[in-house]
Structure formats: C-alpha cells, structure tokens
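This report describes charged side-chain contacts and a nonpolar surface region. The structure is shown below.

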Amino acid sequence: MADAEPRHIARKRAATGLPLPDNVALVLQGGGALGSFQVGVYEALDAARIEVDWVAGISIGAINAAIIAGNPCERRMERLHKFWDRATGLMPSFPLLTGDFGREMLHEMSAAAVGLFGVPGMFRPRFLSPFLAPSGSIDAMSFYESGPLAETLDELVDWDLLNDGPMRLSVGAVEVESGNFRFFDSKTTRIDKRHIMASGALPPGLPPVEIDGKLWWDGGIVSNTPLSYIVDNQDSDLLVFQVDLFSAAHDRPKNIMDVMSRQKEIQFSSRTRQISNMLVRQRREHEMVARLLDKLPPELRDDPDAVKLRELTRESSLSLVQLIYRANAWEGGSRDYEFSARTMNEHIEAGRQAIAETMTKSEVIAQNIYDGTSAAFDLTHR
C-alpha cells in the first residue's frame, strides 16, 4: 500500500482502515424476497463506518434504497427491519426439516402462501379477477393490488429527508407505452411513493403506477441493475458496492425446479455482469488513451484532435465491489417470492458475511483506490 495518499483520496476511512474516495455508492438489484440480503449488506457497511453518499435501486432494491435515504442514519436499520419483519409476518419460522429436500418443501409451501394471500405491507390479491375487470382499468392489469405498499412507504419513509437530505437516491422504471427506461433521481426530481412503487411494479403480478399521466412498470424488465446510470453520472472518483441477488454462474440443472431456478438466474444476472464488465473495460481503455496522450511530444499535445480526445476520455476512477447472493441448494425458482421469516434472517446474515469476507481482503480495493484506476472485485467468489 502506498505510503502517502494521493490528492484524489478523500480524508475519510472505514473502521477497517479502507480509504474511501469522495463518493461511495450502493447499487441494489431487484429480486423480491432476496432483497433481505441487501439489508445485511447495508447493516455491515454501516457498522464498518462506510458512509454511503448515493443509493440506487430497482424493484425491491428501490424500496430498500428509499428506506435508507428516507431516514436519519440512526433509524435506518430499525426501519429496514420493520419493513422486512412485516413482509415476512405471514410465514413465521417453521421447524427445520432435515436435508435439502425437506427444506425445499417448506420453501415452496411459503411461496405458495404468498401466491394465495400476498405479502403483508406490500401487496394483496384482488377481490375481482383481472379477467373480469373493465378493459383498460388498472384492475384489469394485474393479479394483485399494491395499496399496502403505499401505506408502508408513507409510514417508513420521510419524503422530505429523502429529497432534501445528504444522500442521493435514484430508482429505475419503464414507461409502459414507449418502453423507455428512466431513472427518477432525487437530484433532479421530487421523489414520492409513486416512483418507488413504479420501480417495483412487476407485471402481471402488480399494476402499473401512474406518474404525470404515464404508466410505469418495474425497471427490471429492461435492466436489473442501476450501475450504468451511476457510472454515467459520476463526477468524481467512485467506490461502488453492487449488490446482486442472482448469480450468473451455477451448477447444471438436475430437475425441473432447478431449470426454473437457473432460467431466472441467467435472466436477471447475466445482463448485470455484462454491464459491469463493459463499464470497467471502457474505463480501462480510456485510462490507456490518457496515458498515451501524456506521452505525446509537446508540439502534438495541443493539436485539436488530441485535445478533443483527452476531453472524451477524461473520467474519474471506478472501484466496483460486487456482492453476489449465492443461493442454497434448496432455493428453487420461487426464491424471489418466498417471504418466510427464517429465510429472511438467513439472507440478512448472508449479507453481513459477504461484507465481512470482503473486508478481510480490503487491501486489494485500497490499492486500486490509491492508484486511481478502474477495476471490479468479487472478493467473496469461491
């Protein structure tokens, strides 16, 4: 590790000694019930005194992000746990059966209960089937209604603090008619419960949300990670903790439940990894061009083409820490809507452990921050 800190390093450190750049971002992927993993990640980051400046989310990640940004630091964990305790209150812990098969049966029973009764504080089944509702009405566009989530968000989020406080919030959604993907950003937009609900309105389960005369669906339909938006809008050296709820790599399926699980992993994770690799590769190429321009003889450095190229490739460094939830053998294709208390607590603990394991190797991240280069790290990979 370098003896002296370069000027681009902010004068702040985590409790582990990890140097922190001027901006730290937390990127939260969509994944339904798996979002409790993000709670453990944030809890461990907070305990390590890694202060987050910018939080961005999609779907369940947008809900967690809103609760984090919409509460003072001393209340964030209490509010996150209140949300997840409520969401899993319908399915308390059952006696643990032995073996993966027994646990998988409990897992599927919990998921089936969600299908029948919904999730407390989030959504409930419609009294009338959408097939019987008037065509063109909101009631005809989903199997569940999301009124409970509106009430929960108003209870757990201070909207004035979210919009005017120190933490920036960005959430992604898709406009139904055009198919255009957009991020609602507290830096430019006054965010309220509609924006958070829109980001998590996954069809055909949940209804679209109307904002300024347009209907919006879950941003995960287009992209399940806000990483591109964060990087495209960064204006200084950036450390990103990207929390992915689906792993791109996994064993070959052995049965139809494995197939359903694997299909969902590939669908929601491959684009995330592709985007991460592309952004880091692009940053490294720009750094290489900048080094080459520095080697030009004086008579060429002021050439208009060289000046223009320098401006095009002038970027701050990116240190991307990937924190990926890796499912247990008994978690099948319904893992994203299995809201049981036991599974939630296990996910939260897995999130804590992911940060703990990452921090044991934090010198690798620290060196990259000192060097001012761009790189991605998956330090929990086995």
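## Terms and basis

A salt bridge is defined here as a side-chain nitrogen of Lys or Arg within 4 Å of a carboxyl oxygen of Asp or Glu. This is a predicted model, in which local features need pLDDT of at least 70 and side-chain atom pairs count only at pLDDT 80 or more, while totals for chains, interfaces and linings use all residues. Residues are numbered from 1 along each chain as its sequence is written, and side-chain values use heavy atoms, with hydrogens and water left out.

The structure contains 14 salt bridges. In one of them, the side chains of E43 and R352 meet at 3.3 Å, N to O. This pair links distant parts of the chain, 309 residues apart: E43 belongs to helix α1 (residues 36-47) and R352 to helix α12 (residues 341-359). Helices (H or I, at least four residues) and strands (E, at least two) are DSSP runs, numbered from the N terminus.

Buried means under 20% relative accessible area, exposed means over 50%, and partly exposed lies in between (1.4 Å probe, protein chains only). R352, with a relative accessible area of 27%, is partly exposed. A network of salt bridges links E43, E349 and R352.

## Salt bridge between strands

R124 and E145 form a salt bridge whose closest N and O atoms are 2.2 Å apart. R124 lies in strand β3 (residues 124-125) and E145 in strand β4 (residues 144-145), so the pair ties together parts that are 21 residues apart in sequence. R124 is partly exposed, at a relative accessible area of 39%, whereas E145 is buried, at 18%.

## Salt bridge of E78 and R75

A further salt bridge joins the side chains of E78 and R75, at 3.5 Å, N to O. E78 is partly exposed, with a relative accessible area of 37%. R75 is partly exposed, with a value of 35%.

## Nonpolar surface patch

F127, L128, F131, L132 and F143 make a nonpolar surface patch of about 670 Å². Patches consist of residues with over 30% relative accessible area and no salt bridge; like charges are joined within 9 Å and nonpolar side chains (Val, Leu, Ile, Met, Phe, Trp, Tyr) within 5 Å. Accessible areas come from the Shrake-Rupley method with a 1.4 Å probe, and for residues only the protein chains shown count as cover.

Where does F143 lie? F143 is located in the loop between β3 and β4. Its relative accessible area is 37%, and F143 is partly exposed.
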